[in-house]
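User: Please take a close look at one part of this model, its pockets. I would like to know what lines them.

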Amino acid sequence: MQVLGVIPARGGSKGIPNKNLALVGGRPLLAYTADAVKESARLTRTVVSTDDERIADSARSLGLDVPFLRPSSLAADDTPMLPVLQHAVDTLKSEGFTADIVVLLQPTSPLRRGEHIDAAIVWLERAGGDSVVSVVEVPHQFSPVSVMRVDDGWLFPFLEGPAVVRRQDKPRLYARNGPAVLAVRASVIAGGSLYGDRSWPLIMKPEESVDVDTPWDLSLVEWALSVRRDGPRRNGSTEP
């Protein structure tokens, strides 16, 4: 199976200007996805899809492949992800590389690791289906049975029916965490779908699932990385 990783990193982010190059722990945000790619044993090839020369230069300095620049028509605020992936797949196919599986790796998920990438690919190969997508469990206080709405200043349950108070009685629900990883068959992408009809979950921990969208998220990632880096020392280990 030829497995293509695609890192979409456009230059026009507005919530955090130059988000993909924003420094986290002294490194550009993009660097942490580069690390995960290097840790992966299942990716055949990984490319960065960007419209920005600065991001392209940074990606190359991190050891990533930037074989093309994405057209500006596919780099707007409202550009869906599907045509971005289709463009990458079709461009590489015209140059002789045909992907069987496409793995979307967004730089805004810097806490994802190579083991998550490989787990998604292996599960898709073994279990069948159209895709494997990373998810995180929804905190119980955000369950639909706990969510409220405001009507004329008063609080009302969002869902009708008796209130569910105990955490143990609430359904276990999951939400896509970015997604940090999406492994999808290339035939599904070519057919005009991002996930297909049958998608398996790859469950990730909350501390692995931060999706960077605000400056606060950057601070949270920096803290999480420091805990990950310093954790063994806090437990008395002398290992780095």
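Analyst: Ala, Val, Leu, Ile, Met, Phe, Trp, Tyr, Cys and Pro are counted as nonpolar, Asp, Glu, Lys and Arg as charged, and the others, including Gly, as polar. By that sorting, the lining of the second largest pocket has 6 nonpolar residues, no polar ones and 5 charged ones.

The model is predicted, so local features need pLDDT of at least 70 and side-chain atom pairs count only at pLDDT 80 or more, while totals for chains, interfaces and linings use all residues. Residues are numbered from 1 along each chain as its sequence is written, and side-chain values use heavy atoms, leaving out hydrogens and water.

A pocket is an open set of points on a 1 Å grid over the protein atoms alone, where a 1.4 Å probe fits, with protein on both sides within 12 Å along at least five of seven lines; lining residues have an atom within 4 Å of a point.

The largest pocket has a volume of about 560 Å³. Its lining comprises 28 residues, and those nearest its centre are Arg 10, Lys 19, Met 81, Gln 106 and Thr 108. Sorted by type, the lining of the largest pocket has 14 nonpolar, 7 polar and 7 charged residues.

Key:
Points joined across faces, edges and corners; volume = space filled by probe spheres on them.
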